[in-house]
Each structure stands twice: as C-alpha cells, then as structure tokens.
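Keep the sequence and the 3D view side by side while reading.

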Amino acid sequence: MILGIDTSLGTAVAVVDSDGAVRAEAQSANPLGHAEVIGTLLADALRDAARGPIGSTAAPAPVELTHVAAGMGPGPFTGLRVGIAAARAFALGRGLPVVPVPSHDAAALAILLADPFADLPRFAVVTDARRREFAYTVYDGLDDDGLPIRATEPALVPQVDLDDRLAALGAVRRDVTAIPAAMIALAAARAVAAGRTLAEGEPLYLRAPDVTLPGAPKKVTG
C-alpha cells in the first residue's frame, strides 16, 4: 500500500493498494491552513484504510504501507513544504521510502483515467499559481507504464498570456482546482513497478519564496 500526500493546492491524503484500489481519501479544499489539517487528515485516512478498499465491507485489518508518495508541485512555497515535510517525517518514522511525484502528473492521470478508452487530444493541466499567474504542464496521453506523457515541464505564465501559450503548444486547457492524493499514490505505484523516477527530491516552486534569508550585514565605517 502507498500513502499519498499533496499540498500544492488544498491538502489531500490517500491510501492506495499497489493495484490502484483506493483504500481511503481525506482532503481539505482550503488553499491555506495546510499545517493545521495535515495531521487530522493523515489519521483519518489511515483509520479508514484499515477497513479495506472504499465500498467494501471487510473487517478492519492492519494497514501495511510500503511507500510514501509526496506531491512535489508546482505550488506555493509554504503549502508545498508542509506536505513534503509531512511525507518525509512519516516515512522516516516508519522506515519507508519516499516517492516524489509531480502534482500535475497526478491531475493528468485522473483526467486520462476518467475515460480510459477516449482518444484525448493533447491537453494542459492548469493550476492557479496566484499573483495573476498560472502553472501549466502539457501532456500527450499515457505511456506503456500507464503514466502520463509530459510534453513540457511545469512552467509559469501570466494569466493574460496563458491561452496564447497553450494555443502555440496545441494543447487544450484543463483547469484543475484540486490534486487527488489517490492519483499521487497511483502514479507512485506505477513508477515503482516500472523502476522509474518521476521527479527529483526538490519541490517545484517555480518562483522564489516570499521570505528570504537576509544578506550579509553592511560594513559600517567610522
């Protein structure tokens, strides 16, 4: 089983079997307050996962996690670091490996699996990056491992330029307001099975944090 965590938009947690069966999901749509809700959502998801896949009537059983999947963004600095820190701390406590997953890959996987027999045109997952900017990633269907094919890497663009940018890339716009943690976990499961790395361990901020360390103090001369 894989625990998926994402805080790139709201806060989402899920537990998924290696075959993709969703054991539990818990989420908060609030784009703020990640640190205040992440602990409760984790406890809720782990409790519900003990009851078996969603919709089953099985007796509670221990949740035997093998990996923790962390949504790496793109997203705002503060929100992302809460989810990634929670994933790493949980994994450290359980002695589990962390699997980094681009958050847009999870959204793209949800879109592609919504109708697996449809021949979807090239599309762009678009999320609100605030400050009148959008983050987008362009996709071209699923590969042989069942993972979204990234045609571009995540990028930022001013709101007024987004449609022209996507038109130039030949991509249909798909606005996303929530990242499903179950798809974070499923993407991680498929990547692990294929022996692939979907993302490096660093968050995809796309923008410098608002608060930075001060520079060296100025010299004062007499």
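Which residues in α3 are buried? They are Ser103, His104, Asp105, Ala106, Ala107, Ala108, Leu109, Ile111 and Leu112. Buried means under 20% relative accessible area, exposed means over 50%, and partly exposed lies in between (1.4 Å probe, protein chains only).

This is a predicted model, in which local features need pLDDT of at least 70, side-chain atom pairs count only at pLDDT 80 or more, and totals for chains, interfaces and linings use all residues. Residues are numbered from 1 along each chain as its sequence is written, and side-chain values use heavy atoms, with hydrogens and water left out.

Helices (H or I, at least four residues) and strands (E, at least two) are DSSP runs, numbered from the N terminus. The expected span of a helix is 1.5 Å times one less than its number of residues. The table sets that value beside the C-alpha distance from end to end.

| Helix | Residues in helix | End-to-end C-alpha distance | Expected span |
|---|---|---|---|
| α2 | 18 residues | 26 Å | 26 Å |
| α5 | 14 residues | 20 Å | 20 Å |

α3 is mostly covered, with nine of its twelve residues buried. α5 is mostly covered too: ten of its 14 residues are buried. Among them are Met183, Ile184 and Leu186, along with several alanines such as Ala181 and Ala191. The buried residues of α5 pack against five strands, β1 (2-6), β2 (11-16), β3 (22-28), β4 (67-71) and β5 (98-101), and against the helix α3 (103-114). Just after α5, glycine 195 has a positive phi of about 65 degrees.

α2 covers residues 77-94. Its buried residues include Leu80, Val82, Ile84 and Phe90. The partners they pack against are β1, α1 (34-49), β4 and β5. Arginine 81 and proline 203 are 122 residues apart in sequence, yet their C-alpha atoms are 7.6 Å apart in space.

**The nonpolar cores**

A nonpolar core is a set of buried Ala, Val, Leu, Ile, Met, Phe, Trp, Tyr and Cys residues joined through side-chain atoms within 4.5 Å. The largest one has 31 residues, and Val101, Phe123, Val125 and Ile179 touch the most other members. β2, β5, α3, β6 and α5 each give two or more residues to this core. α5 gives the most, with ten residues. Another core lies apart from it, with 27 residues, among them Val15, Ala49, Ala50 and Leu65.

What does valine 125 contact beyond its neighbours within four places in sequence? Its partners include His104, Ala107, Ala108 and Ile111, as well as Tyr136, Arg174 and Val176. Contact means heavy atoms within 4.5 Å.

Strand β6 (residues 123-130) gives the largest share of the lining, four residues.
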